[in-house]
Amino acid sequence: NRFKEVTTIKERELEILRTQKSTKAIELSEPVKLYQLLKRPDIELNDLPRFGYKMTEDLNKDIIRKITLECKYEGYLKRQLADIDRFSRTEHIAIPAGIDFMKIQAIAYEAREKMAKVQPRSIGQVMRISGISFADVSALLIYLKKKKHLEDTEE
């Protein structure tokens with residue numbers, strides 16, 4: 001029940017911050033949404049009343065911290081979620097049997113050796129081999145895309 005209550009208060013306040021514009025302030029050339037003000041590194045939620053935000057009685061330190069973190073790190077969180085989405089889409093890309101990993105020059109030599117030894121069947125398996133970098137996985141994806149493109153034009 002406490003978790004639900006905290007979540008409800010947090011979401012309510014975030015909605016207010018996203019929709020309500022600031023009052024005219026000396027440091028602002030024009031009214032700005034309170035949420036955008038809170039994204040600024042030098043502004044905390046407790047600073048927003050000077051811009052017209054009315055803090056409610058049910059806000060405590062924990063909720064204030066949660067609101068501030070969610071607002072300030074929203075861009076990072078979106079990027080992480082996009083990375084997770086991209087990973088899950090590439091996770092199941094199949095690697096055709098018989099690929100000679102040692103011939104893919106764009107991949108680091110150590111990574112080629114490991115892939116040749118393991119003979120992964122998907123990109124997800126490649127990503128879980130220790131010592132394989134993101135650059136190696138990217139190079140393999142590019143190689144597979146090129147190879148597929150070449151095969152498509154031959155048919």
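**Helix packing and local contacts in the predicted model**

The buried residues of helix H1 are Val6, Ile9, Lys10, Glu13, Leu14 and Leu17, where buried means under 20% relative accessible area, exposed over 50% and partly exposed in between (1.4 Å probe, protein chains only). Because these residues cover an arc of only 130 degrees around the axis, they lie on the same side of H1; the arc is that of the directions from the helix axis to the C-beta atoms. On the other side of H1, Lys4 and Thr8 are exposed. Helices (H or I, at least four residues) and strands (E, at least two) are DSSP runs, numbered from the N terminus.

The structure is a predicted model, in which local features need pLDDT of at least 70 and side-chain atom pairs count only at pLDDT 80 or more, while totals for chains, interfaces and linings use all residues. Residues are numbered from 1 along each chain as its sequence is written, and side-chain values use heavy atoms, with hydrogens and water left out.

Helix H1 comprises residues 2–19, and its end C-alpha atoms are 26 Å apart, in agreement with the 26 Å that 18 residues should span at 1.5 Å a residue. The expected span of a helix is 1.5 Å times one less than its number of residues. The cover over the buried residues of H1 includes helix H2 (34–39) and helix H3 (61–72). Within H1, Glu13 is buried, with a relative accessible area of 0%. Glu13 touches Tyr53, Thr56, Leu59 and Ile67, not counting residues up to four places away in sequence; contact means heavy atoms within 4.5 Å.

In helix H3, Ile64 is buried, with a relative accessible area of 15%. The contacts of Ile64, again leaving out residues up to four places away in sequence, are with Leu45, Asn46, Met55 and Leu59. The C-alpha atoms of Ile64 and Ser88 are separated by 33 Å, the two residues being 24 residues apart along the chain.

Helix H4 (residues 74–91) also has 18 residues and reaches 25 Å from its first C-alpha to its last, close to the 26 Å expected at 1.5 Å a residue. The buried residues of H4 are Glu74, Thr90 and Glu91. The side chain of Glu74 is joined to that of Lys39 by a polar contact of 2.6 Å. A polar contact is a pair of N or O atoms within 3.5 Å; within protein, one must be able to donate a hydrogen and the other to accept it, and residues adjacent in sequence count only if both atoms are side-chain atoms.

Lys39 lies in helix H2 and is partly exposed, with a relative accessible area of 28%. Not counting residues up to four places away in sequence, Lys39 touches Cys71, Lys72 and Glu74.

A search of the whole structure finds 1 aromatic pair. The pair is tilted, because the rings of Tyr73 and Tyr76 have their centres 5.8 Å apart and their planes at 40 degrees. Rings of Phe, Tyr and Trp (its six-membered ring) pair if their centres lie within 6.5 Å; planes under 30 degrees apart count as stacked, over 60 as edge-to-face and the rest as tilted. Tyr73 is partly exposed, with a relative accessible area of 42%.

Gln119, in the loop between helix H5 (109–118) and helix H6 (123–127), has phi near 55 degrees, a positive value in a residue other than glycine.
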